[in-house]
Amino acid sequence: MTELKTLKDLLDGHSSDDLGFPVINAEDLKQEAIKWVKALPINQELKKKYCFEHPEDGGCYNIIEWIEEFFNLTEADLQ
C-alpha cells in the first residue's frame, strides 16, 4: 500500500502565494483524497486512528462520505 499523506505532508516544500498562504495543487489534493477513501475501509491501523465507532456504518462511512462530497469524487474517480 502506498503511503498516505496528510495535509501537513502536502504542505511541506510547497510555495506560498503573495499573502503568504501555502499553495497546493488541487489535483494533487484530490488524488490524495482518493487514496484515503480507498484505504480507510481496509486498513485497520487507519481505522483505529481516524474512524469512530458508529454501529450503523462500521465507523468509517461518515468520514469517507465527507471526503467524497468535499472533493466531489465520482465512482469513476474511485476506480
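Student: At 22% relative accessibility, how does Lys-30 count?

Tutor: This is a predicted model, in which local features need pLDDT of at least 70 and side-chain atom pairs count only at pLDDT 80 or more, whereas totals for chains, interfaces and linings use all residues. Residues are numbered from 1 along each chain as its sequence is written, and side-chain values use heavy atoms, with hydrogens and water left out. A residue is buried under 20% relative accessible area, exposed over 50% and partly exposed in between, with a 1.4 Å probe and protein chains only. At 22%, Lys-30 therefore counts as partly exposed.

Student: With which residue does Lys-30 form a salt bridge?

Tutor: A salt bridge needs a side-chain nitrogen of Lys or Arg within 4 Å of a carboxyl oxygen of Asp or Glu. For Lys-30 the closest N and O atoms of such a pair are 3.5 Å apart, and the partner is itself partly exposed, with a relative accessible area of 23%. That partner is Asp-77.

Student: How many residues apart are Lys-30 and Asp-77, and where does each lie?

Tutor: Helices are DSSP runs of H or I with at least four residues, strands are runs of E with at least two, and both are numbered from the N terminus. Lys-30 belongs to helix 2 (residues 26-39), while Asp-77 is in the segment after helix 4. The pair thus links distant parts of the chain, and the separation is 47 residues.

Student: Among the elements of the chain, which has the highest mean pLDDT?

Tutor: pLDDT is the predictor's confidence in each residue, from 0 to 100; the chain has a mean of 81, and 86% of its residues reach 70 or more. The chain has four helices and zero strands, and helix 3 (residues 44-50) has the lowest mean, 74. The highest, 90, belongs to helix 2.

Student: Why is the pair of Trp-66 and Phe-70 described as it is?

Tutor: Rings of Phe, Tyr and Trp (its six-membered ring) pair if their centres lie within 6.5 Å, and planes under 30 degrees apart count as stacked, over 60 as edge-to-face and the rest as tilted. A search of the whole structure finds two aromatic pairs. In this one the centres are 4.9 Å apart and the planes stand at 15°, so the pair is stacked.

Student: Where do Trp-66 and Phe-70 lie, and how far are they separated?

Tutor: Both residues are exposed, Trp-66 with a relative accessible area of 52% and Phe-70 with one of 54%. They are four residues apart in helix 4 (residues 61-70), and so the separation is about one helical turn.

Student: Which residues do ring pairs link into a cluster?

Tutor: Phe-70 also pairs with Phe-71, with 5.0 Å from centre to centre and 75° between the planes, an edge-to-face arrangement. The cluster linked by ring pairs consists of Trp-66, Phe-70 and Phe-71.

Student: Which residues are the closest to the centre of the largest pocket?

Tutor: On a 1 Å grid over the protein atoms alone, a pocket is an open set of points where a 1.4 Å probe fits, with protein on both sides within 12 Å along at least five of seven lines, and lining residues have an atom within 4 Å of a point. Grid points are joined across faces, edges and corners, and the volume, the space filled by probe spheres set on the points, is about 340 Å³ in the largest pocket. Of its 15 lining residues, the closest to the centre are Lys-5, Thr-6, Leu-7, Trp-36 and Phe-71.
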